[in-house]
Amino acid sequence: MAQVAGGAGALKKTVALVGMMGAGKTAVGKALAARLDVPFLDSDAEIEKAADRTIAEIFTDHGEAFFRSRESEVIGRLLENHRAILSTGGGAFLSEVNREMIAEKGVAVWLKADLDLLWNRVKHKSTRPLLRTENPYETLKNLVAAREPFYAQAGVVVEAEPKLSIEGMADKVVEALRAHGGILEEDQ
């Protein structure tokens, strides 16, 4: 696999990774940013830094609506100031405002993973406030069903493969970006 030309000029626009919790947005995003030699940004981490609280604490103390409002503010700021790989929270792309901002200033890449793969990745994590339910598997299944129509609006879709390494998924995203065109500086 050929290395993409590095430097901040490697991207014509920000690549926003969207998809369910456990799809690999952070892990693949970091590998992709390293490969393209561009910054990696994580909207959830930026929200936590600004609020000096965890996402779970924000949900508990202020509710999901408050969190979603802050999330939109942070995504808007990150899209305005950077050409980078941006990992978004699992619910971020449900917002029409966020989808429009991402489409205008970048490109959304849906890391599409099936329910079994997602469950295997998130079932032992206590940091997922939406899965703090009686039946987290059923909750995840319902979230996937409700969110997939929104994720399907992404400009680029990349199917996750359980046996593919993080670097392999990053390669797959680069190939999808090349096929889409107009995102990588090498695309002329």
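Predicted model: local features only at pLDDT ≥ 70, side-chain atom pairs only at ≥ 80, totals over all residues.
# Helix packing, ring pairs and a few residues worth a look

α2 and α3 sit roughly perpendicular to each other.

**α2 against α3**

- Here are the numbers behind that opening: helix α2 covers residues 43–51, helix α3 covers residues 55–81, and the two pack at an angle of about 115° with axes 9 Å apart. Angles from 65 to 115 degrees count as roughly perpendicular, so this pair gets that label.
- The crossing of α2 past α3 is right-handed.
- On the α2 side, the residues that meet α3 are S43, D44, E46, I47, E48 and A51. Their partners in α3 are I55, I58, F67, E71, V74, I75, R77 and L78.
- Sorted by class, this α2–α3 contact holds eight nonpolar residues, one polar residue and five charged ones.

**α3 against α4**

- Helix α4 takes in residues 96–105, and α3 packs with it at an angle of about 5°, the axes being 10 Å apart. Angles under 35 degrees count as roughly parallel, so α3 and α4 are roughly parallel to each other.
- From α3, the contact draws on E71, S72, I75, G76, L79 and E80. From α4, N98, M101, I102 and K105 take part.
- With a relative accessibility of 17%, S72 counts as buried.
- If you skip residues up to four places away in sequence, S72 touches S95, N98 and M101.

**α1 against α7**

- Helix α7 spans residues 166–180, and α1 packs with α7 at an angle of about 65°, with axes 8 Å apart. The two helices are therefore roughly perpendicular to each other.
- α1 and α7 make a right-handed crossing.
- A27, V28, A31, L32, R35 and L36 supply the α1 side of the contact. I166, M169, A170, D171, V173, V174 and R178 supply the α7 side.
- In terms of class, the α1–α7 contact has ten nonpolar residues, no polar ones and three charged ones.

**Aromatic pairs**

- The count of aromatic pairs comes to three.
- One of them is F59 with F67: the ring centres are 5.1 Å apart and the planes are at 40°, so this pair is tilted. F59 and F67 are both buried.
- W110 and Y151 also form a tilted pair, with 5.7 Å from centre to centre and 40° between the planes.
- This pair ties together distant parts of the chain, since W110 belongs to strand β4 (residues 106–112) and Y151 to helix α6 (residues 136–151), 41 residues apart.
- W110 is buried, as is Y151.

**F93, a loop residue**

- F93 lies in the loop between β3 (85–87) and α4. Its relative accessible area is 3%, so F93 is buried.
- F93 and F150 are 57 residues apart along the chain, yet their C-alpha atoms are separated by 6.7 Å.
- Leaving out neighbours within four places in sequence, F93 is in contact with V18, R99, I102, A108, F150, Y151, Q153 and A154. Y151 in that list is also the ring partner of W110.

**Positive phi away from glycine**

- D37 has a phi near 60°, a positive value in a residue other than glycine. You'll find D37 in the loop between α1 (25–36) and β2 (40–42).
- D37 is partly exposed, with a relative accessible area of 49%.
- D52 also isn't a glycine, and its phi is positive at about 55°. D52 sits in the loop between α2 and α3, the helix pair this briefing opened with.
- With a relative accessible area of 69%, D52 is exposed.

Definitions and conventions
Residues numbered from 1 in each chain as written. Heavy atoms only, no water. Axes fitted to C-alpha atoms, helices over the stretch in contact; angles between N-to-C directions. Helix = DSSP H or I, 4+ residues; strand = E, 2+ residues; numbered from the N terminus. Parallel < 35°, antiparallel > 145°, perpendicular 65-115°, else oblique. Left-handed = near helix turned anticlockwise from the far one by under 90°. Contact = heavy atoms within 4.5 Å. Nonpolar A, V, L, I, M, F, W, Y, C, P; charged D, E, K, R; others polar. Phe/Tyr/Trp six-rings, centres within 6.5 Å; stacked < 30°, edge-to-face > 60°. Buried < 20%, exposed > 50% of the residue type's maximum accessible area, 1.4 Å probe, protein only.
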